[in-house]
Amino acid sequence: MQSRTTLLVLLFAALFPAWGQQQTSQKTLQAFDPKSMDTTADPCVNFYQYACGGYLKQTPIPADESSYGQFNEISDENLLVLKSILEQAAGGKGSRTPNEQKIGDYYGTCMNVEAVNQAGLKPLQPLLDRIAALKSKDELPQLTAYLDSIGVNTLFAFSSDQDFKDATQQIAVLDQLDLGLPEKGYYERKDDKSVKLREQYQVHIARMFELLGEPQAQAAKDAAQILKLETALAGVSLSAVERRDPANLYHKTELSKLDSSTPQFNFVSFLRAAHTPPVQSLNVTVPGYFSGLNQLLAGTSLDDLKTYLRWALIRHLPTTALPQALDHESFDFYGKVLEGQPEQKVRWKRCVSATDEALGEALGQVYVEQRFSPKDKERTLELTHDVEAAMGRDIEQLSWMSPTTKVRAEEKLHEVANKVGYPDKWRDYSTLIVTRGDALGNALQAAAFEERRDIAKIGKPVDRGEWGMSPPTVNAYYNPQMNDINFPAGILQPPFFDPSRDDAVNYGAVGAIIGHELTHGFDDEGRQFDGKGNLEDWWTPADGKQFDERAECVAKEYDGFVGVDDLHVNGKLTLGENIADLGGLKLAFLAYLDRAQKKGIDLNQKGGAEYGGLNPEQQFFVAYGQNWCQNNRPENLRLRMQTDPHSPEQFRANGVVLNLPEFQRAFSCKAGQPMAPVNRCIIW
Ligand SMILES: [Zn+2]
C-alpha cells in the first residue's frame, strides 16, 4: 500500500516501517544525556563520537531492528501507549464509540494470526480470479483502476496533488511506479553486490509465486519475466536524484493528448473506472515513463501481463494480512536481505503500526488526549516563533542576497504555517467499515477509504488544514506546496523536547529540528516555491546564481564523506536535507542566543554534572549531536545511502557543526582541525 506525496520532505526517512524493539527499555529519556557522551573524544576532531560515543557503545541494535537510535527509543515508548489504547478498544464491549470500534477491531483482527493462517489464500482468491479473467489488453484500464481503488498500483501511480503552478487547486496526477526494488539504480548497477541482490530478488519473487501455488519451474520462469519487465519500467523512470528537481515532475497535459499518445492504454477509460471527478488536464509527472510504458505494453503478451499483475498485487498487500509463509518470505527479502535485520518484529508491534497506518487520526486522537497537553503545544509554538524570528534576522543580514530577493524571502517566511501536535479538524472515518475477523478485508477497506479520500480531492480547492502524518509519528516534515512545517505530537517529547531541561538543550534538540523544517522552505528544492506554495522563481538571477554556487559547495563537501565500506554520501541526493540541517542548527543557535539574552542567562556559567559541566553553548551543540545518536547495520546504511535523501547520522552531526564558526568558538577549536576547517560552506 502506498500513498504518494510527491514533495513532502521529512526529518528522516523510515524506509520500511521502523517501529519498536523487542524489549522496551525502562530508562527515562532526557534531552542531553551526559552518559551518552564519550568525553575521551575531542569534540574538535570527531564531534559525533564526543556527543554520542557512550550511547553507541551502550546501545546495541536489537535483533528486530536494522538500526537503532533516539528516534526508535521514543517510537518504542509510543508503541506501548498505543498498544494499551488498542487493547482497551479491542476488548471493549457494547459502549464503544464508532472510532473505538474501528481501531479496536482493526487491531484485534490483525492480532489473530491463527485466523489469518486458517483462511490461507482464500481471501486473496477473488482478486487473483479477477486478474485471471482478463481477456484482452483493452480491459486493462478497468482492472488496473479497480486494483488502484484498493491501494494496489500496478502500471503507474495515480493520485491527487496540488497543482505546482496553482497551489489552491487539487489536480489528478499520474506518476511512475514504485517498483519492487527500492530505486531505479538497483535495476541498473553492474557491481557484484547489486547483481547478487537482483538474483536474490528474483528468487524471492519465485518463492512468493510458489507459495501462491505455482509449480517451481513455472514460478522461476515468471520471476525472471517480472524482473525483466520491472527493469524496463525502471529504465524509463527518473532516479531519486532527478526527482528532487520539481521541474522534472511537472508536465500538465490535456487528458485527450495523453490518451492519444498512449494507444495501448486508454486513460479516459481508466479515469472513468476510477470514478474520478471530471478531469480535463492532469500532471503527467514523467512523460517518458508513460511513452515507455505504452511501448512495453505493446511488446508484452497478455499472459505475461497477468503474471506481472499478480506480482504487483501480492507485493502491495500488507504482510500482516497474509498467511505466515508469505509474510515470512517477504520479511526474508525486505527485512533480512535488504536491511540486514535478523528477526521480524513481534506481531503486536506490527499490528499497532498497521492500525496507525489505516486509522492514524482515530488512534491519534486518543493518543493526543493522553500524551500531549495544551501547555506542550504552547511551548513548542513559542520555540517555533523564536526560530522563525531568528530566520527573519538572518535573512536581513545576509551579505550575498539583494534587497529585492530579501523582501520575497521574508514574505515567504511570514507565510509559513506552523502545525503543531495534531490537526485542528480530525478525519472523518464514518465511511470506513472495519469487520472483526477479516484481516485482508480490513486492510483493503482502509486502502480503499484512503484512495476515495484522495481521488475525491481532484478539482476541489486545497484543504490547508490537512496533515500528512499521524499524531503519534516520531518525525516531522515541510511541504513546499502548503508552505507549512509540521511537528506531530509523537516527536514533541523527551529527548527532543523536554520541558524539565534548560533552554540550551531544548533549542539544540527540538529547536534545530524546527529550524531544519523551516529551512526546507529555502533549500535547493523549497526555494523554487513561493510563500503560497506555487512553483515560481522569485529570485533575481544573480541571487539564484549565488545560492546555486553555495549549494554546490555543500554537495561537493558531502560527496567527500564515506558512510559504509567505500560508499560515499551522494551530495546531490542529500543536498536539500543537508542544507536544512545546516540552516536549522544555525537558526536554532541564533534563537537560543536571543532567548538567553532576554532571560539574562550567563553564557559562561558552566552547568552541573547533569549537563556534563559544559557551558550553555556547548550544551546546545551536544544536545543537537545527540539527536543523531544511532547505530546502523551495514545493510541498512548501504540501502539508505542509495535511496534516502538524508545523510547518515554521523554526518548530520559532524557535517553540520564543521560549517559553523559558532561551533568552533563554543569549543575553542583551532582553525584547521577536522571540525573547524578553514573553508566552510555557508548558505543561511
Ligand atoms: Zn528534512
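Let's start with helix 23, residues 634–643, which is mostly covered: eight of its 10 residues are buried. If you have the structure up, the buried ones are Asn636, Leu637, Arg638, Leu639, Arg640, Met641, Gln642 and Thr643.

One stretch to treat with care is residues 16–25, where pLDDT stays under 50. The model does have 36 contacts for that stretch beyond four places in sequence. Still, where pLDDT is low, the predicted coordinates should not be read in detail.

Now let me step back to the whole chain. How many helices and strands does it have? The secondary structure comes to 25 helices and 12 strands. As for overall dimensions, the C-alpha atoms fill a box of roughly 75 × 55 × 55 Å along the principal axes. The radius of gyration is 25 Å, and that agrees with a compact globule, because a globule of 684 residues would come out near 26 Å.

What about the inside and the outside? Of the 684 residues, 61% count as buried. The chain exposes about 26600 Å², with carbon and sulfur atoms supplying 51% of that area. Among contacts with a separation of 6 or more, 77% are between residues 24 or more positions apart. On charge, there are 71 positive and 92 negative side chains, yet the centres of the two sets lie 1 Å apart.

Is Lys419 buried or exposed? This residue is found in strand 7, residues 417–421, and Lys419 counts as buried because its relative accessibility is 10%, under the 20% cut-off. Who surrounds it? Beyond its neighbours within four places in sequence, Lys419 is in contact with Arg464, Gly465, Glu466 and Trp467, and also with Asp484, Ile485, Asn486 and Phe487. Take Trp467 from that group: it sits 48 residues from Lys419 in sequence, but their C-alpha atoms are 8.5 Å apart in space.

The other lysine is Lys228, in helix 9, residues 216–235. With 64% relative accessibility, over the 50% cut-off, Lys228 counts as exposed. Lys228 and Gln202 are 26 residues apart in sequence, with 9.9 Å between their C-alpha atoms.

Note on methods. Residues numbered from 1 in each chain as written. Predicted model: local features only at pLDDT ≥ 70, side-chain atom pairs only at ≥ 80, totals over all residues. Heavy atoms only, no water. Helix = DSSP H or I, 4+ residues; strand = E, 2+ residues; numbered from the N terminus. Rg over C-alpha atoms; globule rule 2.2 N^0.38 Å. Buried < 20%, exposed > 50% of the residue type's maximum accessible area, 1.4 Å probe, protein only. Contact = heavy atoms within 4.5 Å. Areas by Shrake-Rupley, 256 points an atom, 1.4 Å probe, with all protein chains shown as cover. Lys, Arg positive; Asp, Glu negative; His and termini not counted. Charge placed at Lys NZ, Arg CZ, Asp CG, Glu CD. pLDDT = per-residue confidence, 0-100.
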